[in-house]
Amino acid sequence: MAKHVPASVVALALAACAHAPLVDHRAEGQALFAHGSYEAASEALSTALAQDPHDLAALRTLIESEKKRGTLASFLIKSQVDAEADPDNAYAQEALGLTLFAIGDDLPSARAALKRAVELAPDVADFHYRFGVALYQADRFAEARVPLGRAALLAPNVVRYRIPLALCADRLGDAPTARAALAAITHLAPTPEELALAREADRHLVDPFRDFAKLAPGAEPQVQQGLAWLTRDAPTQAIDIFGAVLLKFPKLGMVHALLGLAYARLDEAGRAVSELLRAQELTPDAPQPYLYLGDLYFQKDRAEQAREQYQHVVERDPLDIPARRRLGELAAARGDWPGAIAVLEIVRTLSPEDVDARLLLAGAYDKQGNVQAVETELVSLSQRAPNNAQARLRLGTFYAKQSAKASPPAEKQRLAQAAQKALQETLQLEPENAEAAQMLAAIKN
């Protein structure tokens, strides 16, 4: 495995991507495994596999359980016997390959078994995925790209398949494919674990300093010192340092971008724009110079120019959240509610804890008259952020307005009670919230 690629990203090779419906024994085994009861977990998972030999989630957890028990060598013998007894059974080959992979001392044989599974069952996406990751770990990136791409084609809605594909394409210098693989995630439903892995992969792909040592030997400590001054809101000191670095390495796009950011902090907009445009010229695929320039235009109320820069950001970094949030704000400001909803729903996917963006999304739904979507969004947000008073207040306000509009007495009372509950919870979080107190008093009267 390449050392500079995050280990946790490549570790997703061992993650489950099952498509079989849950069965009692598998669920039981996974619960026992989660609680550390490995022997009992292995028994339940073995029963699940006996009932359905194609249950890849049960197989994966069983291998992990055997490894935890220290009995993986015995399980390997069984896997070898099964594979030899039925050499044309793709699932037996997959079990053998995954077991060898988990042991880690015979990786060529593991890859051979995983490849055989792909050959025997070419329509099973998970087989391609695991074979591709095994090749990726061996630094055989050109070979790995084929099965990883095939897995994504066979199962376009599986988030996990796209992460190693993006990393693999990046290692081969194919930035468009890497970006496209991650961009697809914005329209899917990643789990928190998948989202964390995708973010980690994305940070690696857009890391502006990953080739810095090669481009500017010995300059990194100075740049880090300049960044420290920027962090401490001391842009003048940062400018001195970045300027000194650029005297020696004048084509470092990211340093020009940081210099532009420092000038922006001093409100020297002309010099800031000049440096940021130079950074874009030197590093056209980097999202940071576009983000910094977009923020500068946004602060100067140059909405259209800001929107253009933010669009460049998301084209280069599909998982970027700040630029998408700004695009949502700009769309809402000009009354483009469908446009605001489209981009803010992606922000919600990528950052479900972003309260401000989700409140803006609820407002956009409201402007379109989608009452059900407003309620769903506000209820979901209140559950996710139970200590956020603003989310509770907005929910209470929504119910109060709907209660005022409702005609049937029972529905009117139900909505009023829901409003009271949300407003009381707001006041529990913020006892001095005058708006919540006034609205609650009006409802009670």
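The following questions and answers concern a predicted model.

In this predicted model, local features need pLDDT of at least 70 and side-chain atom pairs count only at pLDDT 80 or more, while totals for chains, interfaces and linings use all residues. Residues are numbered from 1 along each chain as its sequence is written, and side-chain values use heavy atoms, with hydrogens and water left out.

Q: How many helices and strands make up the secondary structure of the protein?
A: Helices (H or I, at least four residues) and strands (E, at least two) are DSSP runs, numbered from the N terminus. Along the principal axes, the C-alpha atoms fill a box of roughly 75 × 75 × 35 Å. The secondary structure comes to 26 helices and zero strands.

Q: What percentage of the residues in the protein is buried?
A: Buried means under 20% relative accessible area, exposed over 50%, and partly exposed in between, with a 1.4 Å probe and protein chains only. For the 445 residues in the protein, the buried share is 49%.

Q: What share of the contacts with a separation of 6 or more comes from residues 24 or more positions apart?
A: A contact means heavy atoms within 4.5 Å. Among contacts in the protein with a separation of 6 or more, the share from residues 24 or more positions apart is 54%.

Q: What distance separates the end C-alpha atoms of helix 5?
A: The expected span of a helix is 1.5 Å times one less than its number of residues. For the 14 residues of helix 5 (residues 72-85), the span should therefore be 20 Å. The model agrees, since the end C-alpha atoms are apart by 20 Å.

Q: Which helices do the buried residues of helix 5 pack against?
A: The buried residues of helix 5 are Leu-72, Phe-75, Leu-76, Ser-79 and Ala-83. They cover an arc of only 105 degrees around the axis, which puts them on the same side of helix 5. On the other side, Ala-73, Ser-74, Ile-77, Glu-84 and Ala-85 are exposed. The buried residues pack against helix 4 (56-69) and helix 6 (90-103).

Q: Which residue has a side chain in polar contact with the side chain of Asp-126?
A: Asp-126 is found in helix 8 and is buried, with a relative accessible area of 1%. Asp-126 and Leu-56 are 70 residues apart in sequence and 8.4 Å apart in space, C-alpha to C-alpha. A polar contact is a pair of N or O atoms within 3.5 Å; within protein, one must be able to donate a hydrogen and the other to accept it, and residues adjacent in sequence count only if both atoms are side-chain atoms. At 2.4 Å, the partner of the Asp-126 side chain is Arg-130.

Q: Is the pair of Tyr-129 and Tyr-161 stacked, edge-to-face or tilted?
A: Rings of Phe, Tyr and Trp (its six-membered ring) pair if their centres lie within 6.5 Å; planes under 30 degrees apart count as stacked, over 60 as edge-to-face and the rest as tilted. The structure holds six aromatic pairs. For Tyr-129 and Tyr-161, the centres are 4.8 Å apart and the planes are at 35 degrees, so the pair is tilted.

Q: How many residues apart are Tyr-129 and Tyr-161?
A: Tyr-129 and Tyr-161 are both buried. The pair links distant parts of the chain, with Tyr-129 in helix 8 (residues 125-137) and Tyr-161 in helix 10 (residues 159-171), at a separation of 32 residues.

Q: How far apart are the C-alpha atoms of Leu-182 and Arg-162?
A: Leu-182 lies in helix 11 (residues 175-183) and is buried, with a relative accessible area of 1%. Beyond its neighbours within four places in sequence, Leu-182 is in contact with Ala-166, Asp-202, Leu-205, Pro-318 and Leu-319. Leu-182 and Arg-162 are 20 residues apart along the chain, and their C-alpha atoms are separated by 6.5 Å.

Technical notes. Arc of directions from axis to C-beta.
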